Amino acid sequence: MSSSGFKFTLLVPLMVACLMASSARNFHNDFDITWGDGRGKIVNNGEVLTLSLDKASGSGFQSKNEYLFGKIDMQLKLVPGNSAGTVTAYYLSSKGSTWDEIDFEFLGNLSGDPYILHTNVFSQGKGNREQQFYLWFDPTADFHTYSILWNPQRIIFSVDGTPIREFKNMESFGVPFPKNQPMRIYSSLWNADDWATRGGLVKTDWTQAPFTASYRNFNADACVWSNGASSCKSNASPSSASTNSAWFSQEMDSAKQQRLKWVQKNYMIYNYCNDAERFPQGLPPECNMS
């Protein structure tokens, strides 16, 4: 084979790999803007999605695919400046009255005050598992990666690769765990000034509108659910359709556990498991497990 032919055979798979990578990050391929009358936009040849909010309406999008387990990554840059009253929600959810849901919600604040990152896990229609955090950076200055690892054993919320929360499967103790209902990815930017900032005391300043949040670098290493079947061979093991199946049995190593403790010690501002007043009949059973 000539040297030029050899180079060509190397280039072809490389070009295919590059096309696959860019395709995976094209919002046109992965998402539909579902509401907002043009306030949601896909720009930069599909590489960036923006949602905006004004006094008339917010906006939102959802994934074309449903997933049953996976590692979901998205980079977000949140509404800058005075974002009080606004909420940027980014979450997984199924449908129906006994739905499952895994939530990131970013509660806006006055200029100079920190965002609150609100997390929750619903299983079979029951939530009330809120944990809230400040972030150790300004989430409006640049894009940061917010990840959900969801496998049959646990759900791990991470920010820039640092775990902030783990919700383990404790079905053996009577705690429902999301494992049977496929979920779509949803995101929305909306006005929630009746509760979002200081319990509703601080209202949205509409002179600052439109408010805009930006998204890029979506990646789903996941089991896609379609026509009643998973792209993974079974719920016990992912197939080669998942490009990197380590997530399916992943747990936190000692370094990750230390990072989790660091975040929860220094940046957690609310934990339902510490709110005995809210649960006079006793804390939820998962709160008593290590």
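**Entry 1: S93.** I looked up S93 and found that S93 counts as buried because its relative accessibility is 8%; buried means under 20% relative accessible area, exposed over 50% and partly exposed in between, with a 1.4 Å probe and protein chains only. I place S93 in strand 6, residues 86-93; strands are DSSP runs of E with at least two residues, helices are runs of H or I with at least four, and both are numbered from the N terminus. Residues up to four places away in sequence aside, S93 touches W99, D100, E101, M183, R184 and Y186, a contact being heavy atoms within 4.5 Å.

**Entry 2: basis of the model.** I note that this is a predicted model, in which local features need pLDDT of at least 70 and side-chain atom pairs count only at pLDDT 80 or more, while totals for chains, interfaces and linings use all residues. Residues are numbered from 1 along each chain as its sequence is written, and side-chain values use heavy atoms, with hydrogens and water left out.

Entry 3: I checked the UniProt record, an unreviewed entry, whose annotation "glycosylation site" covers N109; UniProt positions are given in the numbering used here, feature names are shortened, and annotations may be inferred rather than shown by experiment. Is N109 buried or exposed? N109 counts as buried, because its relative accessibility is 12%. I located N109 in the loop between strand 7 (101-107) and strand 8 (116-122). Beyond its neighbours within four places in sequence, N109 contacts G81, N82, S83, A84, P114 and T197.

**Entry 4: the chain as a whole.** I recorded three helices and 16 strands in the protein chain. Of its 290 residues, 48% count as buried. Among contacts with a separation of 6 or more, 65% join residues 24 or more positions apart.

**Entry 5: nonpolar cores.** I looked for nonpolar cores, defined as sets of buried Ala, Val, Leu, Ile, Met, Phe, Trp, Tyr and Cys residues joined through side-chain atoms within 4.5 Å. The largest has 58 residues, and those with the most contacts inside it are M74, F104, Y146, W150, I155 and Y215. A second, separate core of five residues includes V87, L107, A192 and A196. Returning to M74, I listed contacts outside four places in sequence, among them F27, F31, F61, Y90 and H144.

**Entry 6: helix 3.** I compared the span of helix 3 (residues 254-266) with expectation: its 13 residues should span 18 Å, and the end C-alpha atoms are 18 Å apart, which agrees. The expected span is 1.5 Å times one less than the number of residues.
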